[in-house]
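Welcome, and thank you for taking a look at this structure. Please keep the sequence and the 3D view open while you read.

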Amino acid sequence: MVNPSRAWQRDHPWALVYDRISADPQIGALLWRIGTGASVAHLHRLAAAELRRLPAGSTVLDIPCGGGIALRDLPREHPLRYLAADISPAMLDRTRSQARELGVPGVETVQMDVGDLPLPDGSVELVMAFTSLHCFPDPRAALAEFGRVLAPGGRLAVSTITTDCPLRYRGVWPLGRAAGVLGPGCSLPEILQWLDEAGFAEAEVTPAGALVYVTADRTHGHR
Ligand SMILES: C[S@@+](CC[C@H](N)C(=O)[O-])C[C@H]1O[C@@H](n2cnc3c(N)ncnc32)[C@H](O)[C@@H]1O
């Protein structure tokens, strides 16, 4: 199988198009809605809510950060350690520009592969992985890594197109696979099973067009 992460890492033309769409609040937001059947506002609402509930000084891992879509949701009133990580150096450049544009200080951009995170066990309080699992070669390994790096009581917020998304969106799979930017994908039941295996509980699922948003708690006492 072609590894989609290699295409993203080399800044596949779709990466720039995707970044322009996701960063633009007018035409981009409209195209996002047409493409996914959902509003990008959903992502921002969830990111803002998850970030707001963290105590000051908490560590957030935003992976894949893409062009820094979630930076605008960072609370200004209390400082967080914000690790913006992606496999693509070009996306990390875009995140740095976005941080400058928004005037958000203290964003650390780090190149990381989601399948092998260079972070100690239990070192993160929130993992945000938006619009993500469908782009990875091994979504199960990514969820296992999220479970490993999250501290007990930590939170995961993830969104993805699933293989069992509503029928009218399923054409994205052959198209994205042919373009080399989508991985094998996974169904919602697989995500829930892999979350359980990775030490998560209390999964909450919100379908939004082609996407599902899932939040879950990293349980205490797993492993
Ligand atoms: C569709 S974008 C989503 C970006 C952002 N989270 C958003 O919601 O707009 C997918 C991102 O996954 C990144 N990516 C793909 N494979 C990866 C991997 N193995 N490790 C880390 N990032 C990866 C790509 O570079 C790209 O930025």
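The report below starts with the ligand and then visits a handful of residues.

Please keep in mind that this is a predicted model.

**The ligand and its surroundings**

Which of the residues around the ligand come nearest? There are 19 residues around the ligand, and the nearest are Ser5, Tyr18, Pro64, Asp86 and Thr131.

| Residue | Part of the residue | Distance to a nitrogen atom of the ligand |
|---|---|---|
| Ser5 | N or O atom in the side chain | 2.7 Å |
| Pro64 | backbone N or O atom | 2.5 Å |
| Asp113 | polar side-chain atom | 3.1 Å |

How much of the ligand's accessible area does the protein cover? On its own, the ligand has 600 Å² of accessible area, and the protein covers 99% of it.

You will find Pro64 in the loop between strand E1 (59–62) and strand E2 (81–86). The peptide bond that leads from Ile63 to Pro64 is cis, with omega near 0°. For background, most peptide bonds are trans.

Next, turn to the loop between helix H1 (4–9) and helix H2 (13–23), where Asp11 has its place. Asp11 has a phi near 60°, which is a positive value in a residue other than glycine. In general, most residues other than glycine have a negative phi. Is Asp11 buried, partly exposed or exposed? Asp11 counts as partly exposed because its relative accessibility is 27%, between the cut-offs of 20% and 50%.

The side chain of Asp11 makes a polar contact with the side chain of Arg94, at 2.9 Å. Arg94 belongs to helix H5. Its relative accessible area is 16%, so Arg94 is buried. Beyond its neighbours within four places in sequence, Arg94 is in contact with Asp11, Ala15, Leu16, Asp19 and Gly67.

Helix H5 (residues 89–102) also holds Ser97. With a relative accessibility of 33%, Ser97 counts as partly exposed. How far apart are Ser97 and Gly68 in sequence and in space? Ser97 and Gly68 are 29 residues apart in sequence, while their C-alpha atoms are 8.6 Å apart in space.

Now follow the chain to the loop between strand E4 (124–129) and helix H6 (139–149), where His134 lies. Is His134 buried or exposed? His134 has a relative accessibility of 6% and therefore counts as buried. With neighbours within four places in sequence set aside, the residues in contact with His134 are Thr160, Ile161, Trp173, Val181, Leu182 and Gly183. For Thr160 there is a polar contact too: its side chain and that of His134 are paired at 3.1 Å.

**Glu202**

The last stop is strand E6 (residues 200–208), which contains Glu202. Glu202 has a positive phi near 60°, and it is a residue other than glycine. At 58% relative accessibility, Glu202 counts as exposed, because the cut-off for exposed is over 50%.

Terms used:
Residues numbered from 1 in each chain as written. Predicted model: local features only at pLDDT ≥ 70, side-chain atom pairs only at ≥ 80, totals over all residues. Heavy atoms only, no water. Helix = DSSP H or I, 4+ residues; strand = E, 2+ residues; numbered from the N terminus. Buried < 20%, exposed > 50% of the residue type's maximum accessible area, 1.4 Å probe, protein only. Polar contact = N/O pair within 3.5 Å; in protein donor to acceptor, adjacent residues only side chain to side chain. Contact = heavy atoms within 4.5 Å. Near = heavy atom within 4 Å. Areas by Shrake-Rupley, 256 points an atom, 1.4 Å probe, with all protein chains shown as cover.
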